[in-house]
Amino acid sequence: MELGMVGLGKMGGNMTVRLVRGGHKVVGYARNPAVVNVVVQQGAAGATSLADLVRQLAPPRVLWLMIPSGDPVDQTLAQLKPLLAPGDLIVDGGNSYYRDSLRRSALVTSWGFRYVDVGTSGGIWGLQEGYSMMVGGDPVDVERIRPILETLAPSPTTGWGRMGPVGSGHFVKMVHNGIEYGLMQAYAEGFAVLQAKSEFALDLHQIAQVWRYGSVVRSWLLELTESALADNPTLKGIEPWVADSGEGRWTVTEAMDLNIPAPVITLALQQRLRSRETDPFTEKLLAMMRNKFGGHEVKTES
């Protein structure tokens, strides 16, 4: 199996190293030459441009994209169009919106190429633990990249599977991340309640450690929570500002389109948005309303 890797961030770099260890020929390219050098030191071949990467691969080629969702994917596809040959296969392993994947598949197919979308979970721990991969595409195309999937997964038979046609891989990954929002929010709220019970002087790290074994709420997220609390029990120096990758938003939008209530995921997304408010107008207006109808005290800024 010969593979071209486009984009070598934390996940892409780890994937490249794992593939090299699996005995596959891998050529990596990223805009930052220093990143390419890292994977070259691990045994992969490096490329100085997309054209150089394509030249080093024997057709029919497989090119795996690990780049940010949105315009970067469309720009990369446009750059690849004149470089590839009919039958070459493009795999988008990033966090693309599934509707974009449907559009891109139709476009790439019209050029004579093949397209597969792979929702990839595992993050920076994937090299050590193996990646969870949700694959969307024609069965023939998925079978073609089976050696790659079996190498990257926790084992050849676990952690990956074909979800359905093109677009389904990123759709399932989108919902996966929406569920993740809800799980994280529940853990955060629960530990906040524990932390507030000051008279018990609870050790949050100890609690997370106990819950990891035998408890019905044990999970990998809980393991990571325990690790975070071990490193910084009071979360000193951490700002209460939470980003979102966009997939929670897409999940909520899809739930509404399908008339499926998803209150936990929706509220978790709203809480992330609330965390970024530096001057919360909503609460100010609520305070003024209470003052107007009931004469309640309003606290003023010092």
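The following legends describe an overview and several close-up views of a predicted model. Residues are numbered from 1 along each chain as its sequence is written, and side-chain values use heavy atoms, with hydrogens and water left out. Because the model is predicted, local features need pLDDT of at least 70 and side-chain atom pairs count only at pLDDT 80 or more, whereas totals for chains, interfaces and linings use all residues.

**Figure 1. Overview of the protein.** The secondary structure comprises 14 helices and 8 strands (DSSP runs numbered from the N terminus: helices, H or I, of at least four residues; strands, E, of at least two). Along the principal axes, the C-alpha atoms fill a box of roughly 75 × 40 × 35 Å. Of the 302 residues, 39% count as buried (under 20% relative accessible area; exposed is over 50%, and partly exposed in between; 1.4 Å probe, protein chains only).

**Figure 2. Helix 1 and its surroundings.** Helix 1 (residues 10-21) has 12 residues and reaches 17 Å from its first C-alpha to its last, close to the 16 Å expected at 1.5 Å a residue (1.5 Å times one less than the number of residues). Because 9 of its 12 residues are buried, helix 1 is largely enclosed by the rest of the structure. Among the buried residues are Gly-12, Asn-14, Met-15 and Leu-19. The packing partners of the buried residues include strand 1 (2-6), strand 2 (25-29) and helix 8 (146-152) (contact: heavy atoms within 4.5 Å). Gly-23, which follows helix 1, has a positive phi near 90 degrees.

**Figure 3. The crossing of helix 9 and helix 13.** The axes of helix 9 (residues 168-196) and helix 13 (residues 263-275) come within 8 Å and cross at roughly 70 degrees (lines fitted to C-alpha atoms over the stretch in contact; angles from 0 to 180 degrees between N-to-C directions). The two helices are therefore roughly perpendicular (65 to 115 degrees). Residues making the contact include Gly-178, Tyr-181 and Met-184 of helix 9 and Ile-265, Leu-269 and Arg-272 of helix 13.

Figure 4. In the loop between helix 3 (50-55) and strand 4 lies Pro-60; the peptide bond from Pro-59 to Pro-60 is cis, with omega near -5 degrees. Ala-201, in the loop between helix 9 and helix 10 (204-211), has a positive phi near 50 degrees. Ala-201 counts as exposed, at 64% relative accessibility. Leu-235 lies between helix 11 (220-231) and helix 12 (247-257), and its phi is positive, near 60 degrees. At 45% relative accessibility, Leu-235 counts as partly exposed.

Key. Parallel < 35°, antiparallel > 145°, perpendicular 65-115°, else oblique.
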